[in-house]
Amino acid sequence: MIAVVGHPDLTASTLKMVEEELRRRLAEFALAGKAGLVRAGQGLPVAFGRAARAAGLALVTVLPSRNGVPDVPESSDRRAAGELLLLSEQVRLMEYDPADRGACVGADEDLMRSCARVLAVWDGSPSDGRDATAHLVAFARSSGVDVEVLWPDGASRRG
């Protein structure tokens, strides 16, 4: 499996660039019969899902759950979760609270443990109170997961 992590505040133009780059990179994994794994959310997860579908890569989407029942995504993530479900070949439920940053980071760590590779859309900046990308890259590397950093020329984040 291959997963994606990255900044939650990528600009719309950056998301388009990243989606195209992901499509190119995921095509080789599709040929090898691999699958992509993403935790439902807006922005980068949707770009990854679209790129996976365009590349012919099977997509597995992880939804939050409570007591084994899918949890309703936050209103800002509902449309994104719906699109990811339509793009997915498989859905997994995972117990975590999507409103809790620490729970989301823990969920991402759990997902990365099941992957052979992580694509990190990361500008190299340190983690802060809202963005855990640097932490997740370090976690994946320390867990023996191959990490490939993507940061296309001209990429930017919202201010």
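A helix crossing is right-handed if the near helix is turned clockwise from the far one by less than a right angle. The views below show a predicted model.

**View 1. α4 against α5, a right-handed crossing.** The axes of α4 (101-113) and α5 (133-142) come within 10 Å and cross at roughly 30°. Angles under 35 degrees count as roughly parallel, and α4 and α5 are therefore roughly parallel to each other. On the α4 side, the contact is made by Val 105, Asp 108, Glu 109, Met 112 and Arg 113. On the α5 side, His 135, Leu 136, Phe 139 and Ala 140 meet them. The residues of this contact divide into 5 nonpolar, 1 polar and 3 charged.

**View 2. α1 against α2, a right-handed crossing.** Helix α1 spans residues 12-31, and α2 spans 44-55. Their axes come within 8 Å and cross at roughly 45°. That makes α1 oblique to α2. From α1, the contact takes in Leu 15, Val 18, Glu 19, Leu 22, Arg 23, Leu 26, Ala 27 and Ala 30. From α2 come Leu 44, Ala 47, Phe 48, Arg 50, Ala 51, Ala 52, Ala 54 and Ala 55. The residues of the α1 and α2 contact comprise 13 nonpolar, no polar and 3 charged.

**View 3. α2 against α3, a left-handed crossing.** α3 covers residues 75-87. The axes of α2 and α3 come within 10 Å and cross at roughly 20°. α2 is therefore roughly parallel to α3. Pro 45, Val 46, Gly 49, Arg 50 and Arg 53 represent α2 in this contact. They meet Ala 80, Glu 83, Leu 84, Leu 86 and Leu 87 of α3. Here the residues divide into 6 nonpolar, 1 polar and 3 charged. Arg 50 of α2 meets α3 here; Arg 50 also takes part in the contact with α1.

**View 4. The largest pocket, with about 950 Å³ of space.** The lining has 40 residues, and Pro 8, Arg 39, Gln 42, Cys 104 and Asp 108 are the closest to the pocket centre. At least two lining residues come from each of the strands β1 (2-6), β2 (35-39) and β3 (58-66). α4 gives the most, with 6 residues. By residue class, the lining divides into 24 nonpolar, 7 polar and 9 charged. Asp 108 links two views: it is among the residues closest to the pocket centre, and it belongs to the α4 side of the contact with α5.

Definitions and conventions. Residues numbered from 1 in each chain as written. Predicted model: local features only at pLDDT ≥ 70, side-chain atom pairs only at ≥ 80, totals over all residues. Heavy atoms only, no water. 1 Å grid on protein atoms, 1.4 Å probe; cavity = no way out; pocket = protein on both sides within 12 Å on 5 of 7 lines; lining within 4 Å. Points joined across faces, edges and corners; volume = space filled by probe spheres on them. Helix = DSSP H or I, 4+ residues; strand = E, 2+ residues; numbered from the N terminus. Nonpolar A, V, L, I, M, F, W, Y, C, P; charged D, E, K, R; others polar. Axes fitted to C-alpha atoms, helices over the stretch in contact; angles between N-to-C directions. Parallel < 35°, antiparallel > 145°, perpendicular 65-115°, else oblique. Contact = heavy atoms within 4.5 Å.
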